[in-house]
Amino acid sequence: MKNIVVIGAGTMGNGIAHTFAQTGFKVNLVDISQDALHKGMKTLSANLDRMIAKGQLSEKEKMDTLSNIKTFTHLEDAVKEADLIVEAATENLILKLKIFEQMDATAPQHCILASNTSSISITHIASATTRPDKVIGMHFMNPVPIMKLVEIIKGYSTSEDTFKAVYQLSQTLKKIPVLVNDYPGFVANRILMPMINEAIYTLYEGVAGVSEIDTVMKLGMAHPMGPLQLADFIGLDVCLSIMNVLYEGFKNSKYAPCPLLVNMVTAKKLGIKSGEGFYDYHESKKAEKISQQFIR
């Protein structure tokens, strides 16, 4: 595989494009607007600059990486010669089904269609295509250029050839691929999200405050980041979406999202992306700031 298409220039999409381009692949990055593409490329360039500052990359390698990326606002133009398409759009089933239907209609027949979904069924996504044997999950971790893990999720009809190609490709990217079966949340989020949700319940029920909960998990469990800070980093809307997938998939009350999480998303307190979540990120502040109106 030489020609890669990444759909979505957000946090995950620009990180995936960065990783492929830095490894020498030609990447077409697709989003619905030039503004989104400009923002994604600006973030990507800034991340490359950070690597240069740390001595991990040369200026020439940065320019080579950027030269490997082209941007598009029309999917059909971007996928004409694609060997692999990685969808990294919002974690929304209806949206993903629509994108995969479009990908299937416009991409070459040999092209593998992958999703970076962190929780949605690959089998369900593949049902929107005429090539379910070539549909697979390729769940990168954030930040993509740094994190080594890739969950490789086989749908019900994913062929062994497709799996092997994506597994080997992940190794080419210097990632560590792990085979996971197609069940809600896969492995990473089936374990991580209920822990985050329980941390939110611990706050909601008044057991401890934000910084206290995060401190216990960092110092007591050796986590590099507390669960509430991590939720802010992931995005509370994304956390809620994944919890809803788990709850619907397993029909078990232990996966029900905490009311506090629901209320914060409704109030658009989404974490870093909105400037405020469990912590306040305005003007580079990281002091705890959560309105008491959301806590019982």
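**Where the domains meet**

Author: Seven residues of domain 1 are in contact with five residues of domain 2, contact meaning heavy atoms within 4.5 Å. Before going on, a word on the source: this is a predicted model, where local features need pLDDT of at least 70, side-chain atom pairs count only at pLDDT 80 or more, and totals for chains, interfaces and linings use all residues. Residues are numbered from 1 along each chain as its sequence is written, and side-chain values use heavy atoms, with hydrogens and water left out.

Domain 1 covers 3-181 and domain 2 covers 189-290; those bounds come from an automatic or database domain assignment. Their C-alpha centres lie 27 Å apart. Between them the two domains bury about 490 Å², with 55% of it on carbon and sulfur atoms. Buried area here is the accessible area (1.4 Å probe) that two parts lose on being put together, summed over both. On the domain 1 side, E91, S118 and S119 supply 64% of the area buried against domain 2, more than any other three residues.

Now for F186. This residue sits in the loop between β8 (176-181) and α8 (188-204); helices (H or I, at least four residues) and strands (E, at least two) are DSSP runs, numbered from the N terminus. F186 isn't a glycine, yet has a positive phi of about 55°. F186 is also buried, at 4% relative accessible area, where buried means under 20%, exposed over 50% and partly exposed in between (1.4 Å probe, protein chains only). A222 also has a positive phi, about 60°, without being a glycine, but A222 is exposed at 65%. Look for A222 in the loop between α9 (210-221) and α10 (227-234). Most residues other than glycine have a negative phi, and most peptide bonds are trans.

Eight strands form an open sheet, ordered β3-β2-β1-β4-β5-β6-β7-β8, with mixed pairing; two strands pair if DSSP finds at least two bridges between them. At the edges are β3 (69-72) and β8, each pairing on one side only. β2 (residues 26-30) pairs with β3 in the parallel sense over four bridges, and V30 stands opposite F72 in β3.
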